[in-house]
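Dear colleague,

Please find the structure below, together with its sequence. My notes on what was found in it follow directly after.

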Amino acid sequence: MTIGLQDDKGAHFYRCDFQVHTPRDTQWKGDSSASPDDRRAYAASFVEHCRSIDLNAVAITDHHDFAYFPFLRQAAEEETRPDGTSYADHEKLVVFPGLELTFGSPTMQAILILDANFPEDRLANVLLALSVEPVDASIDQIPQVESIDHIRSLLDLHDEMDKRPWLKGKYIVLPNVTDKGYKTMMRSGMKVAYREMPCVGGYLDGSFEKIGTGNKSKFAGEDENYGNKRLALFQTSDSRAATFADLGRHSTWVKWTAPTAEALRQACLANESRISQVEPQLPNAVVSKMVVSNSKFLGPLTIDFNQQYNAVIGGRGTGKSTILSYLRWGLCDQPADHDQTSSEAGSIGARQRRLIEATLFPLDAQVEVHFVINGIPHVVRRQADTGNIRLKIGGADFVPAREEDVRALLPIHAYSQKQLSSVAVRVDELTRFITAPIQPDLDEFDRQIAEAAGRLRENYATLQRVRVLDLAIQRSTLDVGSLEDQAENIRQSLGGMSEEDRVILADKPRYDAARDIQRSARESLTQASSALVDARSALDALNVGEADGSASQPSKLAEPIEELVTIVGATIQTVVDRVEAAQTELRAASDVGSPVALAEARLNEIHGDFGAAYETVKATSTAHEAKLAELAVVEGRVTEVKDLRTRQTLERSGLGDPETSHHELRAQVGELAKARSATVAHECLTLDGLSDGLIHAELQQGVGLSKHAERLRAGIAGSGVRSARVEALFDAIRAEDDPLATWNTVLDELEALLQLGSETPVKSSNTPVMSRLGFPVADQDKSRHQLTSDGWLDLALTPVLDHPRFKYRVKESDYIDFSDASAGQQATALLRVLLAQAGPPLIVDQPEDDLDSQVVLDVVRRLWSSKARRQLIFSSHNANLVVNGDAELVIVCENRQQGDQSGGFVGHQGAIDVEDVRSAVTQVMEGGEEAFKLRKEKYGF
């Protein structure tokens with residue numbers, strides 16, 4: 001019944017209604033039979049209804065009466081699932097014993113709530129402490145309630161309760177602070193009572209939305225007349241009907257580790273993060289557990305992490321940083337300095353590797369990390385000695401995986417000690433503050449760009465073939481024209497022939513042309529048959545889907561899905577049938593006796609007759625034997641070249657228009673790159689807001705051309721063009737208003753140079769932009785003879801990078817380079833961004849080491865809202881970050897032996913509403929006691 005994950009020992013949200021009455025209430029609506037069986041039946045139905053509306057906790061607050069509480073507690077404890085199995089403790093309804101009190105002068109109302117596990121045999125003593133005479137438990141309803149007159153104020157009430165050691169610290173009092181009503185604290189004349197009351201929370205009869213502006217200001221501690229006293233608020237339903245119509249209608253979500261009055265008090269003291277009048281939002285990508293099979297320092301280790309803010313504390317040398325390092329290593333986090341081997345920043349990755357090698361390798365240890373993304377469980381196992389990684393997603397089996405696979409699933413943000421204040425030395429790490437929140441969008445852009453680039457590369461091969469074929473066809477056409485002219489000239493030179501023979505010789509070109517058409521027609525049939533074979537293969541490869549959608553689809557979708565699949569399948573089958581029929585028709589067209597065969601036979605007969613007559617003419621012209629022999633050779637070459645041209649033309653026609661596709665795909669890649677840049681540029685503006693204006697980021701688009709310069713130099717190596725000329729060209733491109741557009745134009749001009757004939761001189765008119773940018777025509781000419789088409793394509797497909805430039809605001813409208821800001825300024829600004837962003841878990845080792853002391857409380861306030869957006873896992877020595885930051889889970893590290901830092905272990909775990917955890921915070925953390933005092937002081941008591 002709780003919200004979110006619940007396996008850890010930390011604090012979690014529970015949906016609560018703290019003003020619930022029973023059939024004993026004097027204003028009860030419905031049956032109020034008092035028999036024990038009736039009460040048990042009522043209690044069972046009450047618990048069942050709470051589960052049906054996802055209500056996790058209630059306070060049973062009859063006026064001055066506990067009679068029904070034991071029945072409700074027992075029913076919640078005994079509730080079972082529909083299959084008869086028991087619920088886990090954290091899944092059961094929490095039932096607090098409570099009382100609605102009427103007391104004071106002037107009269108006021110309050111709710112008294114006791115620990116959920118308060119002993120039943122002490123409940124009567126609570127009434128005695130209040131001087132309330134218990135009402136006979138066997139009667140149906142409580143008589144008219146009398147005010148507790150001897151208790152004059154809320155201060156008196158607390159004093160009276162605290163006289164009893166068994167009661168002190170086991171209760172919390174919530175006065176009625178509804179806007180209207182004669183018993184509310186917020187009526188006229190109650191200023192002094194409000195200022196003096198020792199309460200940290202109050203209850204509302206109804207919704208938070210009904211509070212007036214003035215009272216909201218008082219509850220926020222902004223009204224001096226009311227002592228600047230802050231008050232946490234609990235919406236309640238004042239449920240008192242057998243139908244449960246109002247139960248849970250006005251509920252409040254409260255966070256605790258254990259359901260105690262102290263937990264409710266701690267929630268009031270941190271209401272910004274522990275109390276919500278609407279269902280709280282929780283991170284959707286979280287680390288849930290880490291299991292280390294063994295280690296030389298910490299031994300076997302299992303930690304269940306909270307979904308929100310986890311703080312690892314302990315004395316120096318107890319293993320806080322080790323826990324975070326194991327977690328980062330298990331999640332395959334790549335330290336920012338992975339490609340560096342020197343400098344202070346460059347030692348981070350080396351330190352992590354040394355730790356793993358020293359503490360895990362010798363024991364052949366395994367680190368297993370569980371994480372949840374949008375409700376889907378994942379498990380990654382990493383073996384220390386081999387580095388083997390296995391990954392399990394959902395209910396699937398473990399499969400081998402790579403580091404990048406794990407990072408892609410859960411790209412955590414992790415920083416070692418003092419690393420936040422050194423981020424500025426690495427531009428790529430600083431850039432991650434911009435790219436990380438939009439990484440899914442950038443990944444999608446990159447996928448689309450890669451896909452378009454792949455099509456461009458494939459199409460470019462076709463384009464190159466088309467260009468070769470176009471030149472070949474052009475040459476073949478020239479050859480045919482020349483040979484036909486030669487043949488005709490030879491024929492014209494033959495003298496002493498009859499007019500009839502001359503006609504036959506003159507007809508030879510026309511018969512040859514007819515033979516060309518005949519061959520082309522036959523080749524067309526062959527190509528059509530081949531195209532149908534390809535079409536049939538493509539159709540057979542289609543997967544329409546399962547026709548039966550009833551098993552996997554909602555009932556409303558099953559029938560239309562099945563109908564759609566059936567229609568599409570039938571349509572495709574109709575097309576397949578038509579393709580088969582067309583194939584049959586094509587085969588029939590070539591059969592003996594078909595119209596095509598008959599037409600070809602007739603043409604062959606005519607060609608045969610003409611050929612015989614033509615050969616007779618040549619044979620009888622013995623006087624021209626040498627010329628006729630030459631004519632035969634030329635005519636043979638004409639036939640060969642025409643056959644070649646026919647094949648080239650048919651192949652060319654089958655390749656379509658790759659030139660147009662080439663330009664379209666290049667434009668598509670360019671538009672996608674621009675859209676990607678625009679997304680990053682927008683996130684730069686967002687970064688300003690997330691840092692409260694401390695960081696200003698400007699995106700310099702299209703200036704990342706260093707790889708292009710390197711590849712162009714490699715592509716024209718040996719041409720004699722000096723490297724300085726290439727660098728000057730790219731410097732000039734970077735200086736353009738739109739470097740990306742200019743570079744694309746340069747690419748167009750380079751490709752045009754490759755298409756020039758080798759003997760054609762290069763002119764500046766061929767390359768106006770390159771020439772304007774100062775790349776000499778002579779160097780252009782040298783380059784085109786060395787650069788290949790593949791080299792050009794590699795240039796065209798190398799992405800142009802954007803470079804963000806970061807600045808730090810020292811005062812309004814006054815900025816310096818971010819790297820020139822102090823370490824504390826850098827870390828403060830970056831941590832503000834990290835805490836404002838939603839996203840994957842944020843892991844920081846001792847963030848206070850990077851921060852100026854005066855900004856720690858500012859960070860504390862940001863923690864309250866941050867942990868709703870992303871999971872936080874910090875180690876810290878600073879009590880304010882843990883106590884006033886209100887960590888949901890505190891993990892206490894201790895030495896195995898006092899004073900011996902050779903080994904550690906994880907001791908207490910829980911939130912600060914757990915006494916052992918509060919004690920550990922006070923004992924081992926710097927400023928622990930002061931942090932708890934500050935927590936109290938902000939509430940004015």
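Serine 251 touches Arg15, Cys16, Leu55, Gln235 and Gln277, leaving aside residues up to four places away in sequence; a contact here means heavy atoms within 4.5 Å. Its side chain makes a polar contact of 2.8 Å with the side chain of arginine 15. A polar contact is a pair of N or O atoms within 3.5 Å, where within protein one must be able to donate a hydrogen and the other to accept it, and residues adjacent in sequence count only if both atoms are side-chain atoms. Serine 251 is buried, with a relative accessible area of 4% (buried is under 20%, exposed over 50%, partly exposed in between, with a 1.4 Å probe and protein chains only). The residue is found in the loop between strand E7 (232–236) and strand E8 (252–256). Helices (H or I, at least four residues) and strands (E, at least two) are DSSP runs, numbered from the N terminus.

Please note that this is a predicted model, in which local features need pLDDT of at least 70 and side-chain atom pairs count only at pLDDT 80 or more, while totals for chains, interfaces and linings use all residues. Residues are numbered from 1 along each chain as its sequence is written, and side-chain values use heavy atoms, with hydrogens and water left out.

The pLDDT, the predictor's confidence in each residue from 0 to 100, averages 88 over the protein chain, and 94% of the residues score at least 70. Confidence is highest in E2, at 98, and lowest in helix H29 (residues 928–937), at a mean of 69. Over residues 338–346 the pLDDT is below 50, and this stretch has seven contacts in the model beyond near neighbours in sequence.

E5 pairs with strand E4 (residues 108–114) in the antiparallel sense over five bridges, and alanine 110 stands opposite proline 175. In the loop between E3 and E4 lies proline 106, and the peptide bond from serine 105 to proline 106 is cis, with omega near 0 degrees.

A further set of strands involves E21 (residues 842–845). Leu842 and Val844 point one way from E21, Ile843 and Asp845 the other way, and all are buried. E21 pairs in the parallel sense with strand E17 (residues 413–415) over three bridges and with strand E22 (residues 872–875) over four bridges. Isoleucine 843 is the bridge partner of alanine 414, and valine 844 stands opposite phenylalanine 874.

Finally, helix H9 (residues 320–330) is mostly covered, with ten of its eleven residues buried, among them Tyr326 and Trp329. Cysteine 332 follows H9 and has a positive phi of about 60 degrees although it is not a glycine. Cysteine 332 counts as buried, at 0% relative accessibility.

With kind regards

Methods
Two strands pair if DSSP finds at least two bridges between them.
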